[in-house]
Amino acid sequence: MDKLLELSLVSIPEAADLLSIPAHEVWWLIKTRRLSLVRIKKRNMISIAELRKFIRKHTYEASRSDHAPCDIVFD
């Protein structure tokens with residue numbers, strides 16, 4: 001199944017929807033080499049595996065940790 005997801009591709013507008021950012025920011029991420037682009041004929045695509053790596057790399061570490069949430073008490 002993971003090999004199939006590595007081959008799955010999405011367009012730039014679809015990647016923007018998945019990342020919840022405008023399409024011009026996805027182009028900026030490609031231009032600054034933070035995301036890699038796959039060209040198939042005249043279409044520009046991004047792999048799902050690439051998006052997963054990007055999200056994993058740029059997600060705040062505490063949200064991925066196994067620590068129990070703490071209660072904040074204001075006295």
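This is a predicted model: local features need pLDDT of at least 70, side-chain atom pairs count only at pLDDT 80 or more; totals for chains, interfaces and linings use all residues.
User: Which residue stands opposite Arg 39 in E3?

Analyst: Asn 44 in E3 stands opposite Arg 39. Residues are numbered from 1 along each chain as its sequence is written, and side-chain values use heavy atoms, with hydrogens and water left out.

User: How many helices and strands are there?

Analyst: The chain has five helices and three strands. Along the sequence, the pattern reads α-β-α-α-β-β-α-α.

User: What is the order of the strands in the sheet?

Analyst: The order is E1-E3-E2, in an open sheet with antiparallel pairing. From one strand to the next, the twist averages 45°. Axes are lines fitted to C-alpha atoms, for helices over the stretch in contact, and angles run from 0 to 180 degrees between N-to-C directions.

User: How many bridges join E1 to E3?

Analyst: Three bridges join E1 to E3. E2 and E3 (residues 43–47) also pair over three bridges, in the antiparallel sense. Two strands count as paired if DSSP finds at least two bridges between them.

User: And what holds paired strands together in general?

Analyst: Strands of a sheet pair through backbone hydrogen bonds, either parallel or antiparallel.

User: Which residues stand opposite Met 45?

Analyst: Val 38 stands opposite Met 45 in E3. Ser 11 also stands opposite Met 45.

User: Where is Ser 11, and is it buried or exposed?

Analyst: Ser 11 is in strand E1. Ser 11 is buried because its relative accessible area is 11%; buried means under 20%, exposed over 50%, and partly exposed in between (1.4 Å probe, protein chains only). Leaving aside neighbours within four places in sequence, Ser 11 is in contact (heavy atoms within 4.5 Å) with Arg 43, Asn 44 and Met 45.

User: What about the hairpin of E2 and E3? Which residue there takes a positive phi?

Analyst: Lys 41 does, with a phi near 55°. The hairpin has two residues between the strands.

User: Where is Arg 34, then?

Analyst: Arg 34 is in the loop between helix H3 (23–31) and strand E2 (38–40). At 45% relative accessibility, Arg 34 counts as partly exposed. Not counting residues up to four places away in sequence, Arg 34 touches Trp 28, Leu 29, Glu 50 and Phe 54. Arg 34 and Phe 54 are 20 residues apart along the chain, and their C-alpha atoms are separated by 7.6 Å.

User: Switching topic. Which helix lies across E1 and E3?

Analyst: Helix H4 (residues 48–57) lies across E1 and E3, at about 55° to E3.

User: How many residues are in the largest nonpolar core?

Analyst: That core has 13 residues. A nonpolar core is a set of buried Ala, Val, Leu, Ile, Met, Phe, Trp, Tyr and Cys residues joined through side-chain atoms within 4.5 Å. Among the residues with the most contacts inside the core are Val 10, Ile 46 and Leu 51. H2, H3 and H4 each supply at least two residues of this core, and H2 gives the most, with four residues.

User: What does Leu 51 touch?

Analyst: Not counting residues up to four places away in sequence, Leu 51 touches Val 10, Ala 15, Leu 18, Leu 19, Leu 35 and Ile 46.

User: And what share of the whole chain counts as buried?

Analyst: Of the 75 residues, 23% count as buried.
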